[in-house]
Amino acid sequence: MIHTSQGRLQDRQPLSIIDIGSNSIRLVVYEGVARSPTVLFNEKMLAGLGRGIVTTGKLDPEAVRRAVDEFRRFRALSEQAGSEQLHVIATAAAREAENGMDFIHRAEEILGAEIRVLSGREEAHYSALGVISGFHKVDGIAGDLGGGSLELVDVTGETIGDGITLPLGGLRLQDMAKSSADAAARIARRELKRASLLAGGEGRTFYCVGGTWRNLARLHMNATGYPLNVMHHYEFDVEGSGAFLKQVASGDIGKMKGIERISKSRRALLPYGATVLQEIITAMKPKDIVVSALGVREGYLYSLLEEEDRRRDALLSAAEELAVLRARSVTHARELAAWTGEAFEVFGLEESEEDARYRQAACLLADIGWRAHPEYRGTQSLNIIAHASFIGVDHPGRAFIGLTSLFRHEGIYEDAVSPTMQALAGARHVERARILGALLRVVYLFSASMPGLMPRLKWRKGEGDSLTLVVPASHAGLLGERPEGRMAQLSKVLGRPMDIAVGE
């Protein structure tokens, strides 16, 4: 009997990773080892193993008891989810505590798996791999703030450069500063002076990794009324976020907008995350600050990929997988991605590498809403795309891809886009989405969402800047009023004469 749904990719074997951190312990069951990983199940506990380690030198005994009990559940969950492999990694608290190895041995017996205790260098390496896996062409400094330590590493493309581990994790800094905001700032400033690599990050990107910084970003989203509740690739404005970081670092967060959406156990560490980020900004002078939802776990998973799979584009891989799962024909979606590129060349629309990637992704995802009611396909597709767990795409890019589907289904109407979505996408993305959406509205009437015809549709240049879409004579029966009406819309959007004709 087949137990998996057709909503699952059938070539994947579930794999589990347990990440034993200084503050949190998390089990993640992935659908499989893939360029753009999909989570089947995710559960965490905020154990606080590293709490008090500065003064006692040992793991917190109550946290150890709770963690050991939870490991039994994590193993059972992994088995229930069908995982054949269980990988367990542990970070700062486990490697530094006097009783760390005793705890690790007890955990290994319960989990039935060897636990890999990462060195500071290894932790920085896997964190960097997580950033590499989650962004297209990384260039900057990745910083992974955990409960016990901060890992900083220089990353350019696939190259991982110098790195350093500093004792600036949230729990540790709280203990060292004895809950004093001023003391925390002095300690962070002193420790970061050892991170000479930060000077090489000036004018580049700082990538924030770790739960404390993600929650800091969530609070910033709430405070500013940001329209897209997606954490990965959320950007802090370096200049504009100064007052926000200063307020959080002071500990004055009780009445901040959206604070109730941050768990109480996480709130106490927000001031220390803000303090460290402030000092990094001062020392590094980055051009922007970007949040990564991927870190050590995803970097470890990325390391298990074959070299060929690592080189694949994460966004396009995820978009193609969703087309496999939800479109009428993934082959047709691939044809659209190729054919629209040729069309844009004919139209004289220059594309950057990013433009081309986003256009291809929009084509791969253009038909994922076909099962919805016709009046809601565009809106549903926009919502799915805007909030999907895609990586390798920034927020304006998400908006462009989603708006393309909105226009493709609901028409090229300027008032179809809310002011907030227009602001998120930017004027250029909105205009490109209208052009691509109008083009898709034409060709879907010829292809009926099925493969085979698209490569045979050709463009012919006429007098002046006029263009004709040439349909093969064998498919002349596809011509009619609706395709001609759609072509008139595309002509208006592009501002040039366009028509349809039958060719050889």
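Strands β6 and helices α8 and α12 each supply at least two residues of the lining of the largest cavity. Helices (H or I, at least four residues) and strands (E, at least two) are DSSP runs, numbered from the N terminus. The largest cavity has a volume of about 390 Å³. Of the 29 residues that line the largest cavity, D19, S24, D144, G146 and G211 are the closest to its centre. The lining of the largest cavity divides into 7 nonpolar, 13 polar and 9 charged residues. Here Ala, Val, Leu, Ile, Met, Phe, Trp, Tyr, Cys and Pro count as nonpolar, Asp, Glu, Lys and Arg as charged, and the others, Gly among them, as polar. The structure holds 3 cavities of 30 Å³ or more.

The model is predicted: local features need pLDDT of at least 70, side-chain atom pairs count only at pLDDT 80 or more, and totals for chains, interfaces and linings use all residues. Residues are numbered from 1 along each chain as its sequence is written, and side-chain values use heavy atoms, with hydrogens and water left out.

Cavities and pockets were located on a 1 Å grid over the protein atoms alone. A cavity is a set of points where a 1.4 Å probe fits but cannot get out. A pocket is an open set with protein on both sides within 12 Å along at least five of seven lines. Lining residues have an atom within 4 Å of a point. Grid points are joined across faces, edges and corners, and a volume is the space filled by probe spheres set on the points.

The largest pocket has a volume of about 770 Å³. It is lined by 28 residues, of which V39, N42, A293, L294 and S389 are the closest to its centre. Strands β2 and β3 and helices α8 (211-224) and α12 (296-303) each supply at least two residues of this lining. Helix α8 gives the most, with 4 residues. By class, the lining of the largest pocket holds 11 nonpolar, 9 polar and 8 charged residues.

Two or more lining residues come from each of β9 (205-209), β11 (288-291) and α16 (353-364). Helix α16 gives the most, with 4 residues. The lining of the second largest pocket divides into 5 nonpolar, 5 polar and 10 charged residues.

In one, 6 strands follow the order β8-β7-β6-β9-β11-β10, with mixed pairing. Two strands pair if DSSP finds at least two bridges between them. Strand β6 (residues 139-145) and β9 pair in the parallel sense over 5 bridges. The bridge partner of G143 in β9 is C208. Helix α8 packs on this sheet, touching β6, β7, β9, β10 and β11, and its direction makes about 105° with that of β6. Contact means heavy atoms within 4.5 Å. Axes are lines fitted to C-alpha atoms, for helices over the stretch in contact, and angles run from 0 to 180 degrees between N-to-C directions.

Strands β7 (residues 150-156) and β8 (residues 159-166) run antiparallel and are joined by 6 bridges. L150 has L166 as its bridge partner in β8. The two strands form a hairpin with 2 residues between them, and G157 in the turn has a positive phi of about 60°.

In the other sheet, 5 strands take the order β3-β2-β1-β4-β5, and the pairing is again mixed. Strands β3 (39-45) and β5 (115-117) stand at the edges with a single partner strand each, so one side of each is left without a neighbour in the sheet. The twist averages 15° from one strand to the next. Strand β1 (residues 15-20) runs parallel to β4 (residues 85-90), and 6 bridges join them. L15 has Q85 as its bridge partner in β4. Helix α2 (residues 61-80) lies across β1, β2 (25-30), β3 and β4, at about 170° to β3. Helix α4 (residues 100-111) also packs on the sheet, touching β1, β4 and β5, and its direction makes about 155° with that of β5.
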